[in-house]
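Please prepare a briefing on the model shown below, covering its domains, its chain interfaces and the confidence of the prediction.

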Amino acid sequence: MGFWDRFLKIDRRWVFLVVWIAVVIPLLKPLGLPTHITPPVKKLYDYIDRMEGEDKAVFLSFDFDPSTMPELLPMGVAIIRHCFAKKIPIIVYGGLYPQFVGMAKMAIDMAKTDFPDIVYGKDYVFLGYVPGLSLVILSIGESIQGTFGNDYFGNRLDTLPLTMHVDNYEKIGIVVDLSGSSIPASWVAYAYQRYGCRIGCGTTAVSAAQYYPYLQTGQFVGMLGGLKGAAEYEELLERNGIPTGRRTATIGMDAQSVVHLLIILLIILGNIGYFYVRRRERRA
Amino acid sequence: MRRTFPLVIAFTMGLLMMIQYFIPHPISQKFYKIMVQQWLIIISIFFYVFAWRSFGLYHINKIKRRKEGWWASVVAFVGVFFMLLAGFGDRIPGGIGHFIYKYFNFDDLYNYMFAPLQATMFSLLAFFIASAAFRAFKARTMEATLLLVTATIVMLGRVPLGASMWKGLPKVVEWILMYPNMAAQRGIMIGVGLGMIATSMKIILGIERSYLGGE
Amino acid sequence: MHISTNPWVWIAAILTLAIYSFLYKDNPFYKFAEHLFMGLSIGYGAVVLWYNSIIPRLWNPLAHGTSPSRFYLLIPIAIGLLSFGIFSKKYSWLIKYPLAFSVGAYAGFSIPVTFEASIFEQISGTILTKQMMATPWLAISNLIMFVGVITTITYFYFSKHHKGLLGKSARTGIVFLMLAFGASFGYTVMARISLLIGRMQFLLHDWLGIIK
Amino acid sequence: MILFILFSTITVKAFDTPNDGGGSITIKAYNVPETVKKALVYRKTEGDTTYTLAGVMSILSYRYVDADSTIKNGKPYYYRVDFYFPDTVISVVSDSPGIAYAQWYDKSKTSSLIFLIVFSTLVLVFIQLAKKDPEGLYIRKIPALDAIDEAVGRSTELGKPTFFVHGLLGITDAGTLAALTILRRVAKKVAEYDTPILVTNFDPIVMTASQETVKQAYTEAGRPDAYNEKNIIYLTYEQFGYTAGVDGLMVREKPGAIFLQGYFFAESLILAETGHSVGAIQIAGTTAKEQLPFFVAACDYVLIGEEMLAASSYIGREPVMLGSVKGADWGKAFLMGIIGIGVVLGTVGAILQSAGNGALMNVFEKILAFF
């Protein structure tokens with residue numbers, strides 16, 4: 001039995017081991033592969049960037065749970081960092097379902113370490129869960145104070161300077177929804193179509209395709225698709241001198257690139273082996 | 001009563017639910033709401049009893065007969081017990097409830113046992129996708145070649161390296177996804193859609209009865 | 001290195017490793033995790049069913065409700081109870097009533113919905129519009145789409161022999177199917193790797209603290 | 001003064017929102033200059049002295065649907081819209097009040113209704129024709145279904161059990177019903193060959209139906225005594241818990257043939273790869289188009305989409321079933337005809353339009369709007 005015969009019949013556990021190594025090594029030692037910025041990401045970044053100095057707030061909604069966390073959490077962290085650095089007021093919302101709120105809390109904790117001068121209540125506010133699903137989106141159009149009453153920590157919203165000033169979509173420059181489900185479409189249907197508030201979206205790589213039409217029609221200002229979108233946002237922060245902390249998405253992208261190339265390599269080698277063996281068998 | 005009447009029920013319900021779709025009047029909407037949000041869900045609750053019964057019998061049988069690996073069935077029951085304890089036990093007034101809330105917190109159980117198991121099982125896909133691609137993507141026939149070549153191009157186009165090899169690659173990938181891929185997806189969806197409608201019609205008309213079990 | 005001191009994180013990490021051990025071969029650790037997982041999910045489902053379905057849909061309206069229409073809820077309860085007939089040999093046929101009720105209702109419900117979602121949407125997306133022919137390139141692309149849709153549908157043509165024109169068309173349909181399968185396969189790889197990265201970050205960061 | 005004339009051409013109309021259950025009025029503005037920055041809608045009804053804010057009108061469509069909970073059917077509502085320009089605000093009042101009604105028929109769904117009638121007529125006619133003349137009914141080869149006997153046979157030769165793994169959707173899914181039909185065939189073969197079978201379930205109702213189906217198949221094969229209810233097992237109702245359980249069973253029982261039938265999600269490849277690793281011959285079938293690539297890559301035979309739904313006709317070969325397949329095929333021909341006509345009209349229309357004749361294009365767009 002020649003090399004190729006053995007290679008073709010290789011125990012699949014070797015393949016698993018190689019995949020595992022290909023993921024772990026870039027995580028331990030980031031490769032720093034280049035990141036290309038695509039228009040949907042740039043548009044969202046620029047839109048938020050232009051809000052600097054205006055008296056409107058960013059409303060960031062975390063509508064995902066641990067299953068899509070690897071892709072969506074870095075987006076949330078990057079956007080919060082962007083707002084903190086430019087002193088753009090930001091309202092972080094723990095999402096339409098109760099299990100989402102932990103994600104938002106994690107993102108705030110990860111982002112705020114690099115910004116010691118940020119003041120809770122003035123620069124950002126954290127809203128927790130209230131029941132009602134899409135009714136919440138509508139209700140924010142009337143009054144945030146009326147909808148939530150208190151923030152996540154139990155402070156009355158009419159005592160916090162930010163929410164005293166920002167009470168509905170009139171003072172919200174953009175709603176950014178992070179979700180791998182159909183929830184961004186609800187924000188478009190209720191907040192944008194009904195109240196004219198602009199919407200941005202961060203979604204998983206798999207869902208990105210279904211949201212491209214929203215981008216074309218302008219219903220989304222911009223969109224971050226999957227780990228790649230998050231990595232691009234981190235790259236934009238870096239280029240503009242905003243501290244990015246540990247660039248989780250960029251590092252993840254390294255691992256992803258390596259595994260992609262590994263799979264491609266496996267397919268190519270598999271086919272070389274296949275043709276070699278077949279040719280030899282035909283001769284024989 | 002045994003054979004015909006269930007078919008009459010299926011026919012009536014099917015027809016009503018179908019017609020309801022074309023009537024925006026509140027009466028029709030209310031009918032829809034009551035059916036979909038209340039009745040059908042309430043009926044389905046009862047079938048959970050079968051699920052629990054079957055789960056219980058399967059594992060009790062293993063434990064009773066001391067079948068190989070019966071200890072694992074005990075573990076399964078422990079899992080059920082933990083979740084029930086955490087989910088309901090914290091309502092017990094007084095110290096016990098407090099103890100359960102502190103040490104068997106439902107959220108902790110969910111976040112540190114249930115969710116990691118779920119996510120890890122899901123992530124096995126990354127390994128299997130590689131082994132499946134290696135094994136199956138061989139240019140044996142024209143069809144197989146097409147499959148592996150498109151898969152390779154799309155994979156390459158999704159990483160930054162692909163774009164730096166050739167600037168046009170992401171555009172090509174987008175085109176493949178938008179046109180030939182979409183075309184086949186649409187074809188499949190139309191086929192499945194028609195097949196499903198035909199099946200539904202056969203159910204309403206009482207031709208398809210496999211769901212009722214044996215005659 | 002900052003190894004986690006949170007016992008819960010340790011539990012999560014051990015369970016994660018137990019599942020991964022399956023990749024090597026079946027072993028008692030995997031078997032433990034597998035059975036624990038099934039047990040937990042059965043318990044979790046029961047708790048969720050209780051708080052999200054039974055309490056709000058049955059208990060609250062019946063025990064605390066005031067509207068007279070709440071007694072209508074007794075009808076689905078009665079229908080549901082019929083399914084317990086299966087526990088006796090004599091009355092096992094009673095289960096056909098709840099089955100016929102649910103399956104019939106869903107069948108009727110799904111007919112128009114399937115028309116709208118998987119047939120109309122797809123057809124109106126395939127018929128060319130002015131915008132779809134704005135440039136020659138777009139026009140060609142959309143014509144390819146048209147050919148793809150038609151030939152794929154002919155592959156699913158069952159009542160005629162696949163020869164002659166139909167045979168050629170069906171074979172072209174297979175070409176499109178294979179292209180699409182390849183594309184979706186390649187497209188999904190990314191998301192699956194993200195999941196693995198997420199788990200690895202948990203192990204290396206949250207648990208072992210090797211990476212910052 | 002010129003500006004004022006420009007603004008004064010704005011008109012606002014309030015009317016009952018069509019095709020709904022009432023309780024909603026649509027307000028639409030016409031001739032709005034593009035310089036408008038914002039438009040607010042105010043509402044007043046009989047007895048009110050002042051207008052109250054109803055909502056913000058979209059400045060893309062100039063349309064606002066007022067579905068406030070206070071709106072009652074049959075009562076007149078008056079509307080005023082304030083248009084905010086960079087330097088001024090113009091208020092326009094609707095010419096007549098809007099009155100909400102509930103409709104008994106949704107006109108926007110006429111196209112669905114027509115197709116429904118055409119399609120059901122086709123299916124019914126062909127079922128009737130098939131009943132009258134069962135000769136000459138044909139169904140094309142579906143290799144994955146032909147392979148069932150071979151798979152069970154091979155499994156028997158190896159002395160290994162046969163696995164039947166249900167998908168994750170309930171009995172209301174057409175794919176699940178098809179899976180039950182396939183299960184019946186598999187179980188009959190298993191009973192004839194006298195080999196063990198294991199059916200795993202995600203849905204409790206499907207489990208109950210599977211038990212009935214397998215029992216029936218054993219009876220048909222003349223071996224009702226060999227039927228054992230314990231071979232149709234329920235695992236759990238959690239996606240990956242189910243996956244973990246099935247994987248565990250596969251590596252421990254080492255089946256010779258595995259049937260993965262029904263609607264699967266991301267777990268499809270985990271199951272199929274594990275099944276392959278134990279050396280089983282695998283026949284998969286699903287209507288989940290996202291999972292088909294993985295089954296195609298990892299399984300020996302795959303029922304692609306509608307092929308699965310045709311299983312009941314293919315296996316049973318009853319005239320009624322074959323007739324319905326024929327009817328559905330004619331439905332396909334009808335749809336393809338429509339797509340074809342649409343493409344021809346659209347293309348010719350576009351060519352004529354660029355030559356200065358837009359009449360055909362108008363006809364085409366009317367047809368398009370129908371969908």
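In this predicted model, chain B is divided into domain 1 (1-67) and domain 2 (68-131), with bounds that come from an automatic or database domain assignment. The C-alpha centres of domain 1 and domain 2 of chain B lie 28 Å apart, and the two are in contact (heavy atoms within 4.5 Å) through 8 residues from domain 1 of chain B and 8 residues from domain 2 of chain B. Residues are numbered from 1 along each chain as its sequence is written, while chains are lettered from A and ligands numbered from 1 in the order in which they are written. Because the model is predicted, local features need pLDDT of at least 70 and side-chain atom pairs count only at pLDDT 80 or more, whereas totals for chains, interfaces and linings use all residues; side-chain values use heavy atoms, with hydrogens and water left out.

**Between the two domains of chain B**

- The area buried between domain 1 and domain 2 of chain B is about 720 Å², of which carbon and sulfur atoms give 74%; buried area is the accessible area (1.4 Å probe) that two parts lose on being put together, summed over both.
- On the side of domain 1 of chain B, B:Phe55, B:Ile63 and B:Lys67 lose the most area to domain 2 of chain B, and together they make up 56% of what that side buries.
- Across this interface of domain 1 and domain 2 of chain B the rule finds 0 salt bridges, a salt bridge being a side-chain nitrogen of Lys or Arg within 4 Å of a carboxyl oxygen of Asp or Glu.
- The count between domain 1 and domain 2 of chain B is 3 residue pairs in polar contact, both residues at pLDDT 80 or more; a polar contact is a pair of N or O atoms within 3.5 Å, where within protein one must be able to donate a hydrogen and the other to accept it, and residues adjacent in sequence count only if both atoms are side-chain atoms.
- The side of domain 1 of chain B that touches domain 2 of chain B divides into 3 nonpolar, 2 polar and 3 charged residues, where Ala, Val, Leu, Ile, Met, Phe, Trp, Tyr, Cys and Pro count as nonpolar, Asp, Glu, Lys and Arg as charged, and the others, Gly among them, as polar.

**Domains of chains A and D**

- Chain A is divided into domain 1 (3-28 + 257-283) and domain 2 (39-246), and the C-alpha centres of these domains of chain A lie 42 Å apart.
- For chain D the assignment gives domain 1 (2-99) and domain 2 (140-316), with C-alpha centres that lie 59 Å apart.

**Chain B with chain C**

- In this interface 104 residues of chain B are in contact with 109 residues of chain C, and the area buried between the two chains is about 10300 Å², of which carbon and sulfur atoms give 83%.
- Between chain B and chain C the count is 0 salt bridges, while the rule finds 10 residue pairs in polar contact, both residues at pLDDT 80 or more.
- Helices H1 (4-20), H2 (26-64), H3 (70-88), H5 (106-136), H6 (142-157) and H8 (169-204) of chain B each supply at least two residues of the side that touches chain C; helices (H or I, at least four residues) and strands (E, at least two) are DSSP runs, numbered from the N terminus.
- The largest share of that side of chain B, 23 residues, comes from H8(B), and by class the side has 78 nonpolar, 18 polar and 8 charged residues.

**Chain C with chain A**

- The contact takes 20 residues from chain C and 25 residues from chain A, and it buries about 2000 Å², of which carbon and sulfur atoms give 74%.
- In chain C, C:Tyr187, C:Met190 and C:Ile197 lose the most area to chain A, together 26% of what that side buries.

**Confidence**

- The model scores ipTM 0.88 and pTM 0.88.
- Chain B averages a pLDDT (the predictor's confidence in each residue, from 0 to 100) of 90, and 98% of the residues score at least 70.
- In chain D, confidence is lowest in helix H1 (residues 2-8), at a mean of 51, and highest in strand E12 (residues 257-261), at 98.
- Where pLDDT is low, the predicted coordinates should not be read in detail.
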